[in-house]
Amino acid sequence: TIGRDLKSFLETTYDSVEITLYDRPEDLLTTFARIVRANQVFCNPSLVCLYPGLGSRNERYFVKSSLYPFVTKVPGITIIEDYLNVSQVANTKMTSEDIIRDLRGDKNNTHEESITG
């Protein structure tokens with residue numbers, strides 16, 4: 001899956017990174033608690049991540065989004081301007097390999113080009 005491939009990429013690229021995937025169904029309260037207590041919170045535009053992410057006292061990173069424009073004014077939050085979003089991944093049918101290439105900055109070898117080219 002994309003999640004497992006991305007986890008593998010990040011853990012092999014960055015020695016000190018430890019990523020835990022929770023890919024089985026759990027109740028919303030447990031999900032919120034995991035986000036609030038995480039050492040680092042990375043929120044791609046999503047209401048599920050927004051509220052517990054705001055409640056976290058640890059490192060918080062939010063992808064800039066019109067979904068929550070006020071987040072740019074919250075102290076202690078790092079705003080990420082240019083990042084893949086879910087609709088971009090879905091609309092271009094990106095694979096995990098495409099996402100990893102994008103994270104590495106390899107703009108010359110993208111899934112979109114392989115479809116159209």
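**Contacts, core and sheet**

Reply: Start with one residue and its contacts. This is a predicted model. Leaving out residues up to four places away in sequence, Ile-35 touches Val-41, Val-48, Cys-49, Pro-52, Gly-53 and Ser-56.

Me: Which residues make up the largest nonpolar core?

Reply: The general idea: in soluble globular proteins, nonpolar side chains tend to be buried together. Here the largest core has nine residues: Ile-35, Val-41, Cys-43, Cys-49, Leu-50, Phe-62, Tyr-68, Val-71 and Ile-77. Two or more residues each come from strand S1 (40–43) and helix H3 (47–55).

Me: How many aromatic pairs does a search of the whole structure find?

Reply: One. Read such a pair by centre distance and plane angle. Phe-62 and Tyr-68 are 5.6 Å apart centre to centre, with 90° between the planes, an edge-to-face pair.

Me: Why does Phe-62 count as buried? And Tyr-68?

Reply: The cut-off for buried is under 20% relative accessible area. Phe-62 counts as buried because its relative accessibility is 0%. Tyr-68 counts as buried because its value is 3%.

Me: What is the strand order in the sheet?

Reply: The order is S1-S2-S3, in an open sheet of three strands with parallel pairing. S1 and strand S3 (77–80) are the edge strands, each pairing on one side only. Ignoring direction, neighbouring strands are turned by 20° against each other on average.

Me: How many bridges join S2 to S3?

Reply: Four, between strand S2 (residues 59–63) and S3, which run parallel. Val-63 stands opposite Ile-80 in S3.

Me: Where does H3 lie?

Reply: Helix H3 lies across S1, S2 and S3. Its direction is at about 150° to S1.

Key: Residues numbered from 1 in each chain as written. Predicted model: local features only at pLDDT ≥ 70, side-chain atom pairs only at ≥ 80, totals over all residues. Heavy atoms only, no water. Core = buried A, V, L, I, M, F, W, Y, C linked by side-chain atoms within 4.5 Å. Buried < 20%, exposed > 50% of the residue type's maximum accessible area, 1.4 Å probe, protein only. Contact = heavy atoms within 4.5 Å. Phe/Tyr/Trp six-rings, centres within 6.5 Å; stacked < 30°, edge-to-face > 60°. Pairing = 2+ DSSP bridges. Axes fitted to C-alpha atoms, helices over the stretch in contact; angles between N-to-C directions.
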